[in-house]
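The sequence and structure are shown first.

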Amino acid sequence: MENILYTQNESANQKNSIIVDGEFYSEMSTGIASDALRLINKKSGEKGKWVWLIEQLKDYGIIKSKNFKFAKDSSGILIKACFQEKDELGRNMPFLFYTKSTDINEACQILNNYAANIKRDCFENELKILPYLSDKFIYGGILSSITLLILIIWKIAN
């Protein structure tokens, strides 16, 4: 199981769907679909990084999905969000996506492909922000801020 997309469907009368490595499943009680559902639920329960930053991005409306979560570790990437499409009650349909890839651009491409196969669209601004949530951008920003602060303090002291 390299890639998993689990999503709600348009109607409460329809079972949720799961796509595992490109294969679509609507029955998740046994087999590969059941294993994939257990894995993605386990990954969803793990603590994500940059929670404080994600909350700020939600508050400013940059991230539209109220349930948005991003987690990346050495085993892969988890993205929890909503599609643009709405269910019969007018709510954006949520999804969980997990890939064993640790390349965020590849993960976004796979997610978009899987979503397109079920005629759904991700919020583009959410996918565009993901590369900036990676460690190198955040730590670079923190390092730059600390350096600037040291220079200001040094300039004031001299």
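Lys 119 lies in the loop between α3 and α4. The model under discussion is a predicted one. Lys 119 has a positive phi of about 60 degrees, although it is not a glycine. Most residues other than glycine have a negative phi. A second residue of this kind is Asp 21, which is likewise not a glycine and has a positive phi of about 50 degrees. Asp 21 is placed in the loop between β2 (17-20) and β3 (23-25). The table sets the two residues side by side.

| Residue | Phi | Relative accessible area |
|---|---|---|
| Asp 21 | about 50 degrees | 40% |
| Lys 119 | about 60 degrees | 70% |

With a relative accessible area of 40%, Asp 21 counts as partly exposed. Lys 119, at 70%, is exposed, because the cut-off for exposed residues is over 50%.

The largest nonpolar core holds 27 residues, and the members that touch the most others are Leu 5, Phe 70, Phe 95 and Leu 130. Two or more residues of this core come from each of α2 (51-59), β5 (76-86), β6 (92-99), α3 (104-117) and α4 (124-129). Helix α3 provides the largest share, with 7 residues. Apart from this core lies another, of 13 residues, including Val 20, Met 28, Ala 33 and Leu 96.

Aromatic side chains form 2 pairs in the structure. In one of them, the ring centres of Phe 97 and Tyr 114 are 6.4 Å apart and the ring planes stand at 85 degrees, so the arrangement is edge-to-face. Phe 97 belongs to strand β6 and Tyr 114 to helix α3, so this pair ties together parts that are 17 residues apart in sequence. Both Phe 97 and Tyr 114 are buried.

Strand β6 and helix α3 are also the elements on either side of the loop that contains Ser 101. Is Ser 101 buried or exposed? Ser 101 is buried, because its relative accessible area is 13% and the cut-off for buried residues is under 20%. The side chain of Ser 101 reaches the backbone nitrogen of Asp 103 at 3.1 Å. That side chain of Ser 101 also makes a polar contact with the side chain of Glu 106, at 2.9 Å. Leaving aside residues up to four places away in sequence, Ser 101 touches Gly 76, Ile 77 and Glu 106.

Definitions and conventions: Residues numbered from 1 in each chain as written. Predicted model: local features only at pLDDT ≥ 70, side-chain atom pairs only at ≥ 80, totals over all residues. Heavy atoms only, no water. Core = buried A, V, L, I, M, F, W, Y, C linked by side-chain atoms within 4.5 Å. Buried < 20%, exposed > 50% of the residue type's maximum accessible area, 1.4 Å probe, protein only. Helix = DSSP H or I, 4+ residues; strand = E, 2+ residues; numbered from the N terminus. Phe/Tyr/Trp six-rings, centres within 6.5 Å; stacked < 30°, edge-to-face > 60°. Polar contact = N/O pair within 3.5 Å; in protein donor to acceptor, adjacent residues only side chain to side chain. Contact = heavy atoms within 4.5 Å.
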